[in-house]
Amino acid sequence: MTDAQRSGCPINLTLEVVGDKWSLLIIRDLMFGNRRHFRELLTKSDEGISSNILADRLKTLLEQGIITREDDPSHKQKGIYSLTEQGIELLPILAQMSAWGYKYLPVSEELGIRARLLSEGGPKMWAEFMDELREVHLGAVRRKRGPSVGERLQAAYESVVNRK
C-alpha cells in the first residue's frame with residue numbers, strides 16, 4: 001500500500017482506480033459503444049464529458065493498465081484505445097450495476113434494454129461478451145460464431161428506438 005491509498009481494502013483500491021464520476025462511463029463506451037477514439041468518446045456520450053476530464057481519465061486508465069492506446073494507422077495524430085484483460089473483466093461489474101439501476105431507478109426503455117438482456121443472460125452471456133471484447137480489443141480468436149452478444153444488444157436497442 002502506498003501513501004496515496006486510503007487502505008488496502010479491495011473495494012477501496014478498486015474505487016481509487018474507477019470510482020470517479022467518469023471512468024466507468026468511458027469503459028462502458030469502449031465496451032458497449034465500440035468507441036475507440038478520443039473524439040468518439042467525447043462527442044457520442046449522452047453524459048457530456050469535457051475534453052480535459054476525458055483526457056485525465058484516459059491517462060489514469062492507461063496508467064492503471066485498464067486500457068491501452070496505439071497510434072491510428074489512418075491518422076498519425078489519432079489514437080485507438082483498447083481495453084486490456086483487466087478492463088474486459090470489469091464487464092460483470094458493469095452488468096451488475098446496470099441490472100441494479102434497471103431494477104431500482106427510472107431508466108429509459110431504450111437505454112435499459114441492454115441492462116435487462118445482460119441481467120437475463122447472466123454470467124454465461126457475460127463470458128460470451130467478454131470473449132467478443134477480447135477479439136475486438138486484444139485480437140484473440142473468438143470460439144463461438146453467429147450473432148454476437150454485442151450485435152444482439154445493439155439490435156434490441158435499435159428495435160426499441162425504432163418503435164418509439
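Colleague: What is the volume of the largest cavity?
Modeller: A cavity is a set of points on a 1 Å grid over the protein atoms alone where a 1.4 Å probe fits but cannot get out, while a pocket is an open set with protein on both sides within 12 Å along at least five of seven lines; lining residues have an atom within 4 Å of a point. Points are joined across faces, edges and corners, and a volume is the space filled by probe spheres set on them. The structure holds one cavity of 30 Å³ or more. The volume of the largest cavity is about 40 Å³.

Colleague: On what basis are such values given?
Modeller: The model is predicted, with pLDDT of at least 70 needed for local features and 80 or more for side-chain atom pairs, whereas totals for chains, interfaces and linings use all residues. Residues are numbered from 1 along each chain as its sequence is written, and side-chain values use heavy atoms, leaving out hydrogens and water.

Colleague: Which element gives the most to the lining of the largest cavity?
Modeller: The cavity is lined by W22, L25, I26, D29, L41, S45 and I49. Helices here are DSSP runs (H or I, at least four residues), numbered from the N terminus. With three residues, the leading contributor to this lining is α2.

Colleague: Which element gives the most to the lining of the largest pocket?
Modeller: The largest pocket has a volume of about 1,100 Å³. Its lining comprises 34 residues, and L25, R28, E47, S98 and L111 are the closest to its centre. Two or more lining residues come from each of α1 (10-18), α2 (23-32), α6, α7 (109-138) and α8 (149-163). The greatest share, six residues, belongs to α6.

Colleague: Which element gives the most to the lining of the second largest pocket?
Modeller: This pocket has a volume of about 220 Å³. Among its 17 lining residues, M31, N34, F129, V136 and G150 lie nearest the centre. At least two lining residues each come from α2, α7 and α8. The main contributor, with seven residues, is α7.

Colleague: Is A99 buried or exposed?
Modeller: A99 is placed in helix α6, which spans residues 91-104. Beyond its neighbours within four places in sequence, A99 is in contact (heavy atoms within 4.5 Å) with A115 and S119. From A99 to A115 the C-alpha separation is 5.4 Å, although they are 16 residues apart in sequence. Because its relative accessibility is 17% and the cut-offs are under 20% for buried, over 50% for exposed and in between for partly exposed (1.4 Å probe, protein chains only), A99 counts as buried.
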